[in-house]
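The following note collects several points for a colleague who is reviewing this entry. They proceed from the chain as a whole to one local feature.

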Amino acid sequence: DELARQLVEIGCRKGEVLSREEFAARREAAEQAKRAKLQNAPKVLASAGKDLAPFPFLRHLAAREEMVRNGKMSTIIFIRDKNQKGQEISGYIDYGHRLKIENFEPKWLR
């Protein structure tokens, strides 16, 4: 590990060579820029501007959306229904996970 670092420091590699201090300074600057970008990014909610008055369930999900996206609240949705054969089908949905992996825009357009 130390040998590899010494080889890079003396220039046995193509490209720009940085000392440890220069590398650490650049890494810290990049991390600060990344944090600033994340904090200043506008948070657009999928439910924003939608008329959900006739849909109480969607209205309650919309009220939680911002807190769930920010990680301040967790919401698990339990669904139970019966199929055509009369068998009960049930399942759980992690609302926060679904918001991350799916486009929720079509679900608000009822």
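1. A residue counts as buried when its relative accessible area is under 20%. By this criterion, 14% of the 110 residues of the chain are buried. The model is a predicted one, and the values below should be read accordingly.

2. The accessible area of the chain comes to about 9,300 Å². Carbon and sulfur atoms contribute 53% of that area.

3. As to secondary structure, the chain contains 5 helices and 2 strands. Read from the N terminus, the order of elements is α-α-α-β-β-α-α. Where contacts link residues at least 6 apart in sequence, 32% of them join residues at least 24 apart.

4. Strand β1 (residues 76–82) pairs with strand β2 (residues 88–94) in the antiparallel sense, over 7 bridges. Within this pairing, I77 lies opposite I93 of β2. The hairpin formed by β1 and β2 has 5 residues between the strands, and G86 adopts a positive phi near 85° there.

5. Which residues form the nonpolar patch on the surface? The patch consists of I76, F78 and Y92, whose accessible area together is about 380 Å². F78 belongs to strand β1.

Key. Residues are numbered from 1 along each chain as its sequence is written. This is a predicted model: local features need pLDDT of at least 70, side-chain atom pairs count only at pLDDT 80 or more; totals for chains, interfaces and linings use all residues. Side-chain values use heavy atoms; hydrogens and water are left out. Patches are made of residues with over 30% relative accessible area and no salt bridge: like charges are joined within 9 Å, nonpolar side chains (Val, Leu, Ile, Met, Phe, Trp, Tyr) within 5 Å. Accessible areas come from the Shrake-Rupley method with a 1.4 Å probe; for residues, only the protein chains shown count as cover. A salt bridge is a side-chain nitrogen of Lys or Arg within 4 Å of a carboxyl oxygen of Asp or Glu. Helices (H or I, at least four residues) and strands (E, at least two) are DSSP runs, numbered from the N terminus. Two strands pair if DSSP finds at least two bridges between them. Buried means under 20% relative accessible area, exposed over 50%, partly exposed in between (1.4 Å probe, protein chains only). Contact means heavy atoms within 4.5 Å.
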